[in-house]
Amino acid sequence: MHQLANNLPPIQIKFTSYLPEHFMDSTDIELKSSSTPPPPAGVDYFKIDVILRFLLLVASVVAIAVIVSSDQTELVPFLGMLVPQPAKFKYSPAFVYFVAAFSVSGLYALISALASISVIQKPEFKLKFLLHFVFWDVLILGITASATGTAGSVAYLGLKGNSHVGWIKVCNVYDKFCRHLAGSIAVALFGSIVTALLIWLSAYTIHSRVPKASNSAANSIKHFINMGIGVLCN
């Protein structure tokens, strides 16, 4: 028996697919079409980004220049006589913080504008710089918005006073000082809005570079299952 088994030719088993040829071809086409598409190039708004950053730089410089030049000296009654009394921004911690905050904002706007220009020349670093821009823009917006709100509240007290605590208004005496404060705060508010636009622009640019979900793979699997069920039923 052992010798007879050795003399038997080897048995070859051939598996034949009973799927129709057109089904195999369509499956290959579907699998090829389901390949992952390359990530989209995204929308390039770096030129607008540079313009907005220069606007932030100009707003910061103008806001600082206007409030620094707001010094005014007037004669005010004191113990029955008129005494010269100056009004300066450095007398209020809120205004000092305002100048410091927009000094940082202006320096950051200059550095980030130069960085944005360099990114236009080297597009391979765009996504990395966008992530950094979003982080630092949010930080700068928090600083400038808080400084604007603080300076605005003190300026409002100078304009209207507060009768509940006995704080008298001073803008009827120091008119130039208050006009400079109002102009500086208005420009600062514009700078804060520009910073918010920068954040939205960077976030939208990052969003446009995220590859959109494709249904080609799901459609291929669904087509394969439907064809298989059809073959089994036949």
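Mentor: Angles under 35 degrees count as roughly parallel, over 145 as roughly antiparallel, 65 to 115 as roughly perpendicular and the rest as oblique. The model here is predicted, so local features need pLDDT of at least 70 and side-chain atom pairs pLDDT 80 or more, while totals for chains, interfaces and linings use all residues. Residues count from 1 along each chain as its sequence is written, and side-chain values use heavy atoms, without hydrogens or water.

Trainee: What is the mean pLDDT of the protein chain?

Mentor: pLDDT is the predictor's confidence in each residue, from 0 to 100. The chain's mean is 78, and 70% of its residues reach 70 or more.

Trainee: In which helix is confidence lowest, and in which is it highest?

Mentor: Helices are DSSP runs of H or I, at least four residues, and strands are runs of E, at least two; both are numbered from the N terminus. Confidence is lowest in α2 (residues 21-33), with a mean of 44, and highest in α3 (residues 46-68), at 93. Over residues 15-40 the pLDDT is below 50. Where pLDDT is low, the predicted coordinates should not be read in detail.

Trainee: At what angle do α3 and α5 cross?

Mentor: Axes are lines fitted to C-alpha atoms, for helices over the stretch in contact; angles run from 0 to 180 degrees between N-to-C directions. The axes of α3 and α5 (residues 126-160) come within 13 Å and cross at roughly 30°. The two helices are therefore roughly parallel.

Trainee: Which residues make that contact?

Mentor: Contact means heavy atoms within 4.5 Å. Phe46, Asp49 and Arg53 of α3 meet Lys126, Leu130, Phe133 and Asp137 of α5. By class, the contact has three nonpolar, no polar and four charged residues. Nonpolar means Ala, Val, Leu, Ile, Met, Phe, Trp, Tyr, Cys and Pro; charged means Asp, Glu, Lys and Arg; the others, Gly among them, are polar.

Trainee: How do α3 and α6 lie, parallel or antiparallel?

Mentor: Their axes come within 8 Å and cross at roughly 160°, with α6 spanning residues 175-208. So α3 and α6 are roughly antiparallel. Their contact holds 17 nonpolar, six polar and two charged residues.

Trainee: What about α4 and α5?

Mentor: α4 (residues 93-121) packs on α5 at about 160°, with the axes 9 Å apart. That makes this pair roughly antiparallel. Here the contact divides into 19 nonpolar, seven polar and two charged residues.

Trainee: Which residues does the "transmembrane region" annotation cover?

Mentor: The unreviewed UniProt entry gives residues 50-69, 94-117, 129-159 and 179-201. Such annotations may be inferred rather than shown by experiment. In the model, residues 94-117 are 100% helix, and their end C-alpha atoms lie 34 Å apart.
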